[in-house]
Amino acid sequence: MSEQIPARDVTPEDKGSDSVDLYVQREKIYTRAFTGLYRNLRRTGGLALFILFFGTVWLNWDGHQAVWWDLPERKFYIFGATFWPQDFMLLSWLLIICAFGLFFVTVFAGRIWCGYTCPQSVFTWVYMWAEKVTEGDRNQRMKLDKAPLNGQKLLRKVAKHGIWLGVALLTAITFVGYFTPIRQLLPDLLSLDVGGWALFWIAFFTLATYGNAGFLREQVCVHMCPYARFQSVMFDKDTLIVSYDPNRGEQRGPRKKNIDYKAQGLGDCIDCTMCVQVCPTGIDIRDGLQFECIGCAACIDACDSIMAKMNYPKGLISYTTEHRLSGEETRLLRPRLIGYAIALVAMTSVFGYAVSNRSLVELDVLKDRVLYRENNDGRIENVYILKVMNKAQRDLTFVIDAKGLDGLIYEGQREVRASAGEILSIPVELSIDPDKLPSSTNDIVFRIRSADDPSIHQDADSRFIGPSVR
Ligand code: SF4
Ligand code: SF4
């Protein structure tokens with residue numbers, strides 16, 4: 001039977017009125033700067049993701065951008081591979097694998113995706129850093145916001161929004177650069193000669209980044225993100241969550257120096273509220289697990305630094321499990337996790353096999369509307385159009401053949417050369433002596449293979465139609 005996570009009672013306070021206002025004004029969150037192990041991990045991971053995002057777009061491969069969604073040509077280049085609309089199934093598979101990967105990670109370690117790698121969080125941390133650099137730490141920012149507008153306040157605000165907009169613009173240009181080659185997009189932008197759609201998407205993503213990371217922030221995680229809503233059903237009592245240990249922390253409160261706090265009836269929590277002040281979603285983790293928690297561990301770092309100052313053991317707030325908190329044994333390997341792991345390995349293997357065995361040539365056969373005709377030599381003739389698509393990133397010569405009937409005569413181009421990504425239409429006539437036709441409808445196979453690389457080949461089924469055989 002699945003175990004339930006305790007829920008908080010969020011019944012609105014009765015204010016003695018018949019109507020209840022369900023709208024709560026958002027209180028601006030002023031986060032405090034902090035240091036610690038998890039902050040360093042997050043910064044390192046965030047830096048790696050930024051390098052990946054901003055750097056990959058500049059890589060070239062075989063004379064074109066290495067990662068490029070060429071929408072007008074309906075091609076997706078990813079380093080040495082080109083994917084076509086016909087490969088859409090592979091993309092669907094990849095998305096399903098990513099979803100299962102996320103399920104696996106969530107069952108195992110809760111919302112670490114949210115806290116460390118989600119673009120919303122990563123950009124929000126960068127924007128919070130810009131805020132701190134331009135307006136100061138928490139108390140200075142609170143003071144600045146309350147102060148009347150003056151030259152210094154204006155300067156700080158302009159600097160903050162300038163950095164925010166700069167980051168947003170760079171992000172948008174880079175993102176659009178994955179669809180319009182960046183080495184062409186950037187000079188076009190600088191010379192104000194960029195296309196309308198590119199300009200629209202750059203403006204759109206600039207505003208989206210600026211608005212999401214600058215203003216909406218935790219509201220995206222709390223109110224808009226679907227993952228935040230369904231991830232709680234994947235948690236169980238063995239999932240790693242950020243949690244406060246009430247057995248150790250309570251009774252919380254300030255303490256007198258040089259007196260054993262335990263003798264004062266106090267626990268390890270000194271009620272400094274540092275864990276609340278660093279929280280990007282503005283919650284108090286001491287109230288228990290809440291759906292707003294994105295598992296970023298900022299509160300762990302903040303509390304550990306307080307514990308170190310107090311000479312108490314670290315870990316009053318930690319990554320732990322509900323079972324461990326209640327003194328029971330945590331089972332990391334459990335059926336649901338193993339199930340997801342097996343599904344993930346199986347799907348990844350199938351995907352890897354499908355990608356590595358993907359044919360680099362596509363062959364489609366269109367039969368002429370005229371079922372058959374008799375040619376001047378008295379043979380029965382069928383006409384076809386072969387569509388040959390070279391999906392490789394190099395020019396290839398292909399040899400075409402048709403099989404399935406003894407005595408079948410092929411007329412048309414046997415050998416064709418197709419440049420990388422080219423689609424060719426080749427008319428082909430097949431004919432046969434009517435005495436050799438076993439039936440009025442006969443299965444045949446067109447085969448195409450590369451003369452340069454025998455591993456590149458493709459078959460396509462078709463039919464040869466003739467008169468009724470008596
Ligand atoms: S409670 Fe802690 S882990 Fe959760 S969002 Fe706040 S700081 Fe991050
Ligand atoms: S940071 Fe630690 S000591 Fe301070 S209030 Fe939070 S849990 Fe208590």
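Visitor: What volume does the largest cavity have?
Guide: This is a predicted model, and in it the largest cavity has a volume of about 140 Å³.

Visitor: Which residues are closest to its centre?
Guide: Thr 124, Met 128, Arg 217, Glu 218 and Pro 280, out of 15 residues that line the largest cavity. Two elements give two or more residues to that lining: helix 4 (119-135) and helix 9 (218-224). Helix 4 has the largest share, with 6 residues.

Visitor: How does the lining of the largest cavity split by class?
Guide: You get 6 nonpolar, 5 polar and 4 charged residues.

Visitor: And how many cavities of 30 Å³ or more are there?
Guide: The count comes to 4.

Visitor: Switching to ligand 1, which residues are closest?
Guide: Cys 279, Cys 293, Cys 296, Ala 297 and Cys 299 are the closest of the 13 residues surrounding ligand 1. By class, that shell has 11 nonpolar, 2 polar and no charged residues.

Visitor: One more spot. Where does Glu 362 lie?
Guide: In strand 8, which covers residues 361-367.

Visitor: Is Glu 362 buried or exposed?
Guide: Buried, because its relative accessibility is 16% and the cut-off for buried is under 20%.

Visitor: Which side chain does the Glu 362 side chain make a polar contact with?
Guide: That of Lys 391, at 3.2 Å. Beyond its neighbours within four places in sequence, Glu 362 is also in contact with Gln 86, Lys 387, Val 388 and Met 389, among others.

Note on methods. Residues are numbered from 1 along each chain as its sequence is written. Chains are lettered from A and ligands numbered from 1 in the order in which they are written. This is a predicted model: local features need pLDDT of at least 70, side-chain atom pairs count only at pLDDT 80 or more; totals for chains, interfaces and linings use all residues. Side-chain values use heavy atoms; hydrogens and water are left out. On a 1 Å grid over the protein atoms alone, a cavity is a set of points where a 1.4 Å probe fits but cannot get out, and a pocket is an open set with protein on both sides within 12 Å along at least five of seven lines; lining residues have an atom within 4 Å of a point. Grid points are joined across faces, edges and corners, and a volume is the space filled by probe spheres set on the points. Helices (H or I, at least four residues) and strands (E, at least two) are DSSP runs, numbered from the N terminus. Ala, Val, Leu, Ile, Met, Phe, Trp, Tyr, Cys and Pro count as nonpolar, Asp, Glu, Lys and Arg as charged, and the others, Gly among them, as polar. A residue is near a molecule or strand if one of its heavy atoms lies within 4 Å of it. Buried means under 20% relative accessible area, exposed over 50%, partly exposed in between (1.4 Å probe, protein chains only). A polar contact is a pair of N or O atoms within 3.5 Å; within protein, one must be able to donate a hydrogen and the other to accept it, and residues adjacent in sequence count only if both atoms are side-chain atoms. Contact means heavy atoms within 4.5 Å.
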